[in-house]
Amino acid sequence: MVYFDSDYMVGAHPEVMHRLVETNGLHTVGYGCDEFTAKARELILQACGIPAGEVYLLEGGTQTNAVVIDRLLDHNDGVMATETAHINVHESGAIEANGHKVLALPEHEGKLRADDIRAYIRDYNDDDTRLHKVRPGMVYISYPTELGTLYTRRELEAIKEVCGEYGIPLYIDGARLAYGLAANGELTLRDIASLCDVFYIGGTKCGALFGEAVVTRRPELLPRFFSLIKLHGALLAKGRLLGVQFCALFADGLYERIGKHAIAMAIKLKSGFIAKGYRPFIDSPTNQQFFILPNEKIDSLKEVASFELWGPRCEKETPVRFVTDWATTEEDIATLLSSL
């Protein structure tokens, strides 16, 4: 069996695991106040080009989104996101549970458009009954999107401009950031850091056992964030486990190498499907590849490969998703394609 369900199905990249084992017997202070976490922060801020910024390490993506959004918004504010945004469809109401409504806007191949954001805010401001409504207080996007698509520099600059116009923060979910950066030569990690107010660098789906690094060039937006992390039950006592992993990911270009490998495997997978006559459901340049397959082919493939249906099973054919990661091999791709 070969596995393409998601990019968190295996454990840590061997280089990350080596560092965890190597440091396992050490005694360090807790709650991220250790030397490994300090070094990880230094490496991340250096890579992002924001020495005056701040970094916070958390365990998982949903947890990270919930804590960051709770800090960026007033209690009765909402967060603008696409209809297909992860926080809107795959986080079990975690954002709403904190009192913040997800304000769903139209999606365009998984992306938000600056004009839609501006129109939503204008409609709110012009509404005489707005005091009875949830105020749009920030913008959430992900890079890549839930559909594996990528924002261009121009699109991100346009969204940033609208946020600046109305004085609200732009937050980027970077659960798969390594793959977005590897697939798009137009943007670098430093560009991401400069084009938004807060973002996170995903580790769970990009080579770590677990962990996400929240980064901001504007620390004033996250006052008393350490305490809020603990309030949410999200402060890891053995915080050095996060620091050690991000040190490994950023000490020798490993994060970039992981992204490039997964994209190379995704391109092989995509090319193979297209060569055999299968049509993409959406044209994704990243490690998530979507195709429309006949149901009988899905059933036969399930005997040799594990992957996800993208939505409910349709009558004759159904969109499916295949995801590559650092552990995907050329042999895995060959096995999948030969089964077609």
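Rings of Phe, Tyr and Trp, the last taken by its six-membered ring, form an aromatic pair if their centres lie within 6.5 Å. The legends below refer to a predicted model.

**Figure 1. Aromatic pairs in the predicted model.** A search of the whole structure returns nine aromatic pairs. Phenylalanine 290 and tryptophan 310 make up an edge-to-face pair, with 5.1 Å from centre to centre and 70 degrees between the planes. This pair links distant parts of the chain, 20 residues apart: phenylalanine 290 belongs to strand E10 (residues 288-294), and tryptophan 310 to the loop between strand E12 (308-309) and strand E13 (317-323). Both phenylalanine 290 and tryptophan 310 are buried. A tilted pair is formed by phenylalanine 307 and phenylalanine 322, at 4.8 Å centre to centre and with 35 degrees between the planes. Phenylalanine 307 lies in the loop between strand E11 (305-306) and E12, and phenylalanine 322 lies in strand E13, so this pair ties together parts that are 15 residues apart in sequence. Phenylalanine 307 and phenylalanine 322 are likewise buried. The two residues also belong to one aromatic cluster, formed by Phe4, Phe273, Tyr278, Phe291, Phe307 and Phe322.

**Figure 2. The largest cavity and its lining.** Two cavities of 30 Å³ or more are counted in the model. The largest cavity holds about 130 Å³ of space. Its lining comprises 15 residues, and Tyr31, Gly32, Arg41, Leu57 and Leu235 are the ones nearest the cavity centre. By residue class, the lining of the largest cavity contains 10 nonpolar, four polar and one charged. At least two lining residues come from each of helix H2 (35-48), strand E2 (54-58), helix H9 (225-231) and helix H10 (240-251). Strand E2 gives the most to this lining, with three residues.

Figure 3. Tyrosine 31 occupies the loop between helix H1 (14-22) and H2. Although tyrosine 31 is not a glycine, its phi is positive, at about 60 degrees. The charged end of lysine 230 sits over the ring of tyrosine 31, 4.7 Å from the ring centre. Tyrosine 31 is also one of the residues nearest the centre of the largest cavity.

**Figure 4. The second largest cavity.** About 60 Å³ of space is found in the second largest cavity. Its lining is made up of Thr82, Thr84, Ala85, His86, Gly110, Tyr140, Ile141, Ser142, Thr145, Glu146 and Tyr151. Strand E5 (residues 135-142) provides the largest share of this lining, three residues. Four of the lining residues are nonpolar, six are polar and one is charged. The ring of tyrosine 151, one of the lining residues, has the charged end of lysine 111 over it, 5.9 Å from the ring centre.

Figure 5. Tyrosine 143 and proline 144 are joined by a cis peptide bond, with omega at about 0 degrees. Proline 144 is part of the loop between E5 and helix H6 (153-166).

Figure 6. Helix H3 (residues 61-72) consists of 12 residues and reaches 16 Å from its first C-alpha to its last, close to the 16 Å expected at 1.5 Å a residue. Nine of the 12 residues of H3 are buried, so the helix is largely enclosed by the rest of the structure. The buried residues of H3 include Gly61, Val67, Val68, Ile69 and Leu72. Helix H10 also has 12 residues and a reach of 16 Å, close to the expected 16 Å. H10 is mostly covered, with 10 of its 12 residues buried; among them are Arg240, Gln245, Phe246, Cys247 and Phe250. Glycine 253, which follows H10, has a positive phi near 70 degrees.

Figure 7. Arginine 224 is located in the loop between strand E8 (212-216) and H9. Its phi is positive, about 50 degrees, although arginine 224 is not a glycine. At 65% relative accessibility, arginine 224 counts as exposed. Glycine 78, in strand E3 (residues 77-82), is buried, with a relative accessible area of 0%. The C-alpha atoms of glycine 78 and valine 214 are separated by 20 Å, and the two residues are 136 residues apart along the chain.

Conventions: Residues are numbered from 1 along each chain as its sequence is written. This is a predicted model: local features need pLDDT of at least 70, side-chain atom pairs count only at pLDDT 80 or more; totals for chains, interfaces and linings use all residues. Side-chain values use heavy atoms; hydrogens and water are left out. On a 1 Å grid over the protein atoms alone, a cavity is a set of points where a 1.4 Å probe fits but cannot get out, and a pocket is an open set with protein on both sides within 12 Å along at least five of seven lines; lining residues have an atom within 4 Å of a point. Grid points are joined across faces, edges and corners, and a volume is the space filled by probe spheres set on the points. Helices (H or I, at least four residues) and strands (E, at least two) are DSSP runs, numbered from the N terminus. Ala, Val, Leu, Ile, Met, Phe, Trp, Tyr, Cys and Pro count as nonpolar, Asp, Glu, Lys and Arg as charged, and the others, Gly among them, as polar. The expected span of a helix is 1.5 Å times one less than its number of residues. Buried means under 20% relative accessible area, exposed over 50%, partly exposed in between (1.4 Å probe, protein chains only). Rings of Phe, Tyr and Trp (its six-membered ring) pair if their centres lie within 6.5 Å; planes under 30 degrees apart count as stacked, over 60 as edge-to-face and the rest as tilted. A charge sits over a ring if NZ of Lys or CZ of Arg is within 6 Å of the ring centre and within 35 degrees of the ring normal.
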